[in-house]
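User: I would like to go through the wording used for this model, term by term. Please set each value against its cut-off.

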Amino acid sequence: MTSKAYPFGTPSFKAPSFEAPSFEAPSFEAHPFLEVRAVKKSFRDAKDGDIHLVLSSIHFTVNEGEFVTVIGPSGSGKSTLLNIIAGLLPPDEGSVWMQGERQTARAGKVAYMMQDDLLFPWQSVKRHVAMPLRIQGVGKRAAEEQAERILKTFDLIHLGDRYPKTLSGGQKQRVALARAYIQGTALLLLDEPFGRLDALTREDLQAWLETIWLKEKRTVLMVTHDIEEALFLGDRVLVLSARPARIVLDLPVPFARPRKKDVRLTEAFVAFRKTLMQALAEDTQRL
Ligand SMILES: Nc1ncnc2c1ncn2[C@@H]1O[C@H](COP(=O)(O)OP(=O)(O)OP(=O)(O)O)[C@@H](O)[C@H]1O
Ligand SMILES: [Mg+2]
């Protein structure tokens, strides 16, 4: 993966300019892995019938193998954006492209761990992880063998015969991630995969996810509300404004991988965190 130059001049960490990215026609010579082009989305309010603009004009690209994180205020439209990229929700305007082709349905190209992805109480861990393959028509034995391989990689093999009610919150999140990963799709969409966990468990799982991602390279777009998590995991961090959302900052993160837990204590990390906080705060002042 190529690291990108820091766009605002190396770490003097002045507040960057938060002008909206330009929406010029992208180059079609080399296709970015994922391209979200000027996507707009509104919802009609169920009570008063008013139409609320949620995504104002979202445009960004993700390169193959990149881990891009997205942060933004609650209700800004992060899950809506992932639903559109996954092909579960049509945009009002704009389009989503993958490897140069317009994406209109999930069609086996995208694995999506949704914000409240639940495990079924009646299925064992191994069955959960094998399930997406079974749905794709893979035979039981082959699917379970593949599930065992993924469970080993995810360090979950000892939990294979357990049922969700006997798992901790962190273990459940890891199983849900394994279930998304096994689909083998090149693009993995993760919506706050560690959202409900305490800070220490989150830190462990962030390091764990990075290790997996370095082994089983995929292109990842992950939503989080946690600035540190976005920085620790991302090659780039996209900052969404409050509703109607637009991208106010696209920040490359240069820390070498694998990232050690205590990278969070370094001056550079703290300065990046400040830049992201400023981007979020600047947007709030604008309202
Ligand atoms: N199907 C829908 N119909 C109507 N309004 C919707 C629908 N889905 C989302 N919304 C509204 O769109 C806005 C954005 O919702 P979304 O779930 O995308 O936000 P979010 O950034 O993921 O929030 P959070 O950080 O709390 O998960 C919210 O105001 C929400 O109420
Ligand atoms: Mg959400």
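User: Where is Ala 38 found?

Analyst: Ala 38 belongs to strand β1, residues 34-44. Strands are DSSP runs of E with at least two residues, helices are runs of H or I with at least four, and both are numbered from the N terminus. This is a predicted model, in which local features need pLDDT of at least 70, side-chain atom pairs count only at pLDDT 80 or more, and totals for chains, interfaces and linings use all residues. Residues are numbered from 1 along each chain as its sequence is written, while chains are lettered from A and ligands numbered from 1 in the order in which they are written.

User: Why is Ala 38 called partly exposed?

Analyst: Ala 38 has 14 other C-beta atoms within 10 Å, so it counts as partly exposed. The term covers counts between buried (20 or more other C-beta atoms within 10 Å) and exposed (12 or fewer), with C-beta atoms placed from the backbone.

User: What makes the phi of Ala 38 worth a remark?

Analyst: Phi of Ala 38 is near 45°, a positive value in a residue other than glycine. Most residues other than glycine have a negative phi. Gln 99, also not a glycine, has a positive phi of about 45°. Gln 99 sits in the loop between β4 (93-98) and β5 (101-102), and is partly exposed, with 14 other C-beta atoms within 10 Å.

User: How do you know how α2 and α4 are oriented to each other?

Analyst: Helix α2 (residues 125-135) and helix α4 (residues 169-181) pack at about 30°, with axes 7 Å apart. Axes are lines fitted to C-alpha atoms, for helices over the stretch in contact, and angles between N-to-C directions run from 0 to 180 degrees. Under 35 degrees is roughly parallel, over 145 roughly antiparallel, 65 to 115 roughly perpendicular, and the rest oblique. α2 and α4 are therefore roughly parallel.

User: Which residues make that contact of α2 and α4?

Analyst: From α2 come Val 125, His 128, Val 129, Met 131 and Pro 132, and from α4 come Val 175, Ala 178 and Arg 179. Contact requires C-beta atoms, placed from the backbone, within 7 Å.

User: Why are α2 and α3 called oblique?

Analyst: The axes of α2 and helix α3 (residues 140-153) come within 8 Å and cross at roughly 125°. That angle makes the pair oblique. Residues in the contact include Val 129, Ala 130 and Leu 133 of α2 and Ala 143, Ala 147 and Ile 150 of α3.

User: Which residues of α2 are buried, and what covers them?

Analyst: Val 125, Lys 126, His 128, Val 129, Ala 130, Pro 132 and Leu 133 of α2 are buried. Their cover includes α3 and α4. Just after α2, Gly 137 takes a positive phi of about 95°.

User: What makes the bond from Arg 243 to Pro 244 cis?

Analyst: Omega from Arg 243 to Pro 244 is near -5°, and the bond is cis. Pro 244 lies in the loop between β9 (236-240) and β10 (247-252). Another cis bond joins Arg 257 and Pro 258, with omega about -5°; Pro 258 is in the loop between β10 and α7 (267-286). Most peptide bonds are trans.

Conventions: Two residues are in contact if their C-beta atoms, placed from the backbone, lie within 7 Å.
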